[in-house]
Amino acid sequence: MANKFKGLNGADVDFETTWKVLETAFKEIHTKNASALSFEELYRNAYKIVLKKKGEELYNNVAQFEANWLSGEVRNRVVKQLTAPLLLLTDGTGRSLATSAERRVAGESFLRALKESWEDHQVCMGMLTDVLMYMDRVYCTDHRQPSIFAKAMGLFRDQILRSPVRPESPDLIEVLTSIVLDQIQMHRDGERINSHLIKSNVYMLEGLYESDQEVEDEKLYLRLFEPYFLQTSAMFYREEGERLLKESDAGTYCKEAKRRIEEESDRCRSTLSEATTVKIQRVVEDELIRHKIKGLIEMDSGVQYMVDNDKLYELGLVFELEARVDARKTELTKAIQKIINEMGTEINNVAINTSQAPPTAPAAQDEHGDDKQKPGSTRQINQQTVAALKWVEDVLALKTRFDNIWKTAFASDQTVHTALERSMGEIINAFSRGSEYISLFIDENMKKGIRDKTEAEIDATLEQAITTVRYLQDKDIFETYYKKHLCKRLLLKKSQSIDVEKQMISRMKIELGNSFTLKLEAMFKDMTLSEELTSGYRKHVAQLGDADPKRVDLSVNVLTSMTWPLEAFRGASEDEREGRSNIIFPASIERIKSGFEQFYSKKHSGRKLTWQTNMGDADVKAHFPRSKNGRPMTHDINCSTYAMLILLLFNSLPTTTSLTLEEIQARTNIPENDLKRNLQSLAVAPKTRFLVKEPMSREINAGDRFTYNEGFSSKIIKIKVGVVSAGNKVEGDRERKETEKKNNDSRGFAIEAAVVRIMKQRKSLPHAQLLTETITQLSTQFKPDVNMIKKKIESLIEREYLERIEDAAVPSYKYLA
Amino acid sequence: MASISPERHSPTEPPSKDKATQMSQKDLSNGISSLLGDTEYSDLTIMCGQHKFRVHKAVVCPRSEFFRTARKKGSFKEGELGVINLQASSVGSSDVIDSDDPDAVRLMLVYLYKQDYTVVCMDTDDFATGCDDAQAIAASAGTFNASDRILTTHAKVFAVAEKYGIRSLKALAHHYFAQQTNPTPEDLAEAIKVIFTTTPEHVRELRDIVIKYILTQQSPAILEHPNIEAAIQSVDTLAYELLKKSQGAGSYGGIRSQDSCSHICSRCARKMSKPTRNSCLGDCTFCGADAWLTFKS
């Protein structure tokens, strides 16, 4: 029994001696003197203490030992580095009292001391943990104590970081924070700092927690450093942003902002913590972009200036900046749309001004090189045609310009693209003559523009044309004009290439749909059929064996009457229509005409042919006795059908016999206006003066007499008699009104058809819904006017297609089958 | 090129994955066993008393945190020297609280290579070749008759396993200890001393076996044996535990009842009624995690 008591006492004595052994060793470890220590011996001693159930005492002793060590040795070493330049940092006066170089050097030695202390502490505690392994395993786990390592880290936090530097002054960690922030500020100002040193201290703050539970978001870095860092950064960038906006231009601002954002990311990587990257970027973006982008865009050197001066790189920077904070790029898009709108309005205004300008504007005249002999109104029309072409080209140039900006500077961004498209559409549709002008542009290219172009160039031109068409809202009006212009190109053989024409149609088909090109394709079909018909007729004539050399050759274009906009050829007045069919042909012509009619009715019975004499042309061989230096000569004259009829009249007359205007009209029955115009070509125009007019004057008047011009002379064998106003020109006001009226009529039909279609399907429908559905259905063709729809509904009710539902809650209609 | 397939397998019947795995595991353990006593690749020396074991870090360190830590470079003396000197108890002494029995250490190292150990047959010890001083071995073998002290030896192996943190060896020693159903009183008395002085109180495995063994002896003769009596008297808590257990308190340990308590797994936080161990690290019966099990009654 005595043995036992002795054993107990022995254990107590044992603990003290064993602990002394350990304590001495720990001191050696802390003074970096461990290499002579035997791990086995220390482990054995620590094991023994735990075995003897003194784990708790051991744990507490070690903790106490560490606390003493930290608060004594370590704290002194660190605080000693807090030299004068640093001491006033925390109260905000420090920066003015010491130069940044002094502060930097002092700060660095403080950071170094703290870093070394921390690292030493870690290494030593690592070794202590090794020695106390069994205590951690048995005592700490059983008693739910933090491991001795964690405990010692907490002690470092409490004894070093969270204790005041000296009484009544802030905690060391506050000093640390302000020193680090001060160094970062120096770095932002362009000085070199030791980022590695700061990073080490950040590691320390990231490795320590507010409590011994070591909750992840309670890291000292997150709690005690990062908030201040973000706060001071926000302040700094707010001021920096304002200064930059005042002092530099937008391009520089963008470059600076970009640099700052990248710099802050780099800083997080090299100096602070990666975890802060997103947060600090958010701060910089807020201060330099989100709050400033509007001001930046609206600066004198802002987006408007960049667009005006093709500063694509700077525009790219603005885009990049805003893209960081706003996926929709609202401000930039708004600014660009405004610019497009202004530039587009300018283009539209120029076109409107030109079309309304007095015809004799000298500059315009020179530019266009107008034929002097053309009457004033024609000149004005030509001038307007040029203006129309210019409008389309300007619009295309505008689009190309912004497409280029979009591609180069705006990274082909989809949102911006949508906005650009919308703006382009707005300008094009804001111009009331857009449809006509675009069709004219295509017409011009088909007639002349593509003459010497390669296939690729033609392709590009077609693509451009389609591009503008795409924007048009009122596609039906465009169709009207296009048909009209195409009609003239085909019939007057003005088109450079039928192939290209067809390509254009197929492009339109892709872009605007089948229904749009249906009638246009029918026109081409008519042309092909006519060619076959003509050659068929020729064969037929040849088979007849009537090999009369003087027989007039005939080629015919048979046009389906609903497809072709024949009014394009119609002269000014409406009443000419009935006169046409009664044209009196000379016998030779009449014979062929009836011959063809017979041939045709054999092929297609039941079809009625109406001869459009005002659209034809003829090749005539004419003899002039004194043409070539007084010697006789035969000229090939190409002229309109009417001109041919007039010339043929003189064939049957003696050379000196004259005919009056009235006589000619009586013998041919050509409508007066056409007759006057043709006589003007034949008797007034100097190069084609086959007739002599009496009295000689510009205007053709009643009672004027005409004789065969025996003295006609020309060096050219093939002579083309100019047909006045045969080409496609801008419409005159009256023509336009007519087109509009027609267009409104056809729109009326389209609306009625749509309404009936919808009602037939739905049987009954509220008014508002009927309106929306109608508008949706027609949107591919044009944007219907609501009043027009209302009128058409009224009209349908009158005609008993629909009826109002009397007692409906909302105004509704019912379909009457 | 043609003789790729070994003769034992017809080429049409490849060995199953399990078979291949078995083979490779066998090869691996054979390979490790063959290193026992090897000096060519040896890179660590463990000394204990007169024994000097040439061992391999790659074999020893992964199994024991103590050895792993001890050979770390740059901290303590052992790391610099490449020699770990374990303090040996005096020959034949059972007072191993402060030191290790060289034979237990030897068995521990044998186990690390062979996954097993045997107490008898000292002469064919594989480490004989690893010993610098063959005579020393012979001397120790001569004075220490292991076959007399089987129970004690297992208890000592258990103790070093606990001290140096080799869980699987603890389990094996526990197993062997429990198999000794009829120890000599001398052996039992010595084992009692070893068990109750060299392992902490919370390590119950062998304690429970001993208490149960004593209480379940039909004749009281065992308590009258002078060695047993001395052993029971020398251990502070044993007498109390025996008394408490004999009163039918339902608990061997008198500290914790295995039936009425449970452990909470730190990983899946589920309660298990039959933990693998009293506390500390263990295998959770639910998530299988090698997790900290927190005791809760």
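This is a predicted model: local features need pLDDT of at least 70, side-chain atom pairs count only at pLDDT 80 or more; totals for chains, interfaces and linings use all residues.
I started at the interface of chain B and chain A, where 12 residue pairs are in polar contact, both at pLDDT 80 or more. (A polar contact is a pair of N or O atoms within 3.5 Å; within protein, one must be able to donate a hydrogen and the other to accept it, and residues adjacent in sequence count only if both atoms are side-chain atoms.)

Residues are numbered from 1 along each chain as its sequence is written, chains are lettered from A in the order in which they are written, and side-chain values use heavy atoms, with hydrogens and water left out.

Next I looked up salt bridges (a side-chain nitrogen of Lys or Arg within 4 Å of a carboxyl oxygen of Asp or Glu). The rule finds two across this interface of chain B and chain A. One I noted is A:Lys53 with B:Glu201, whose closest N and O atoms are 2.6 Å apart.

How many residues does each chain bring to the contact? I got 32 from chain B and 27 from chain A, with contact meaning heavy atoms within 4.5 Å. The area buried between them is about 2800 Å², and carbon and sulfur atoms give 60% of that. (Buried area is the accessible area, 1.4 Å probe, that two parts lose on being put together, summed over both.)

Last, chain A on its own. I found that 48% of its 817 residues count as buried, meaning under 20% relative accessible area with a 1.4 Å probe, protein chains only.

Notes. Buried means under 20% relative accessible area, exposed over 50%, partly exposed in between (1.4 Å probe, protein chains only).
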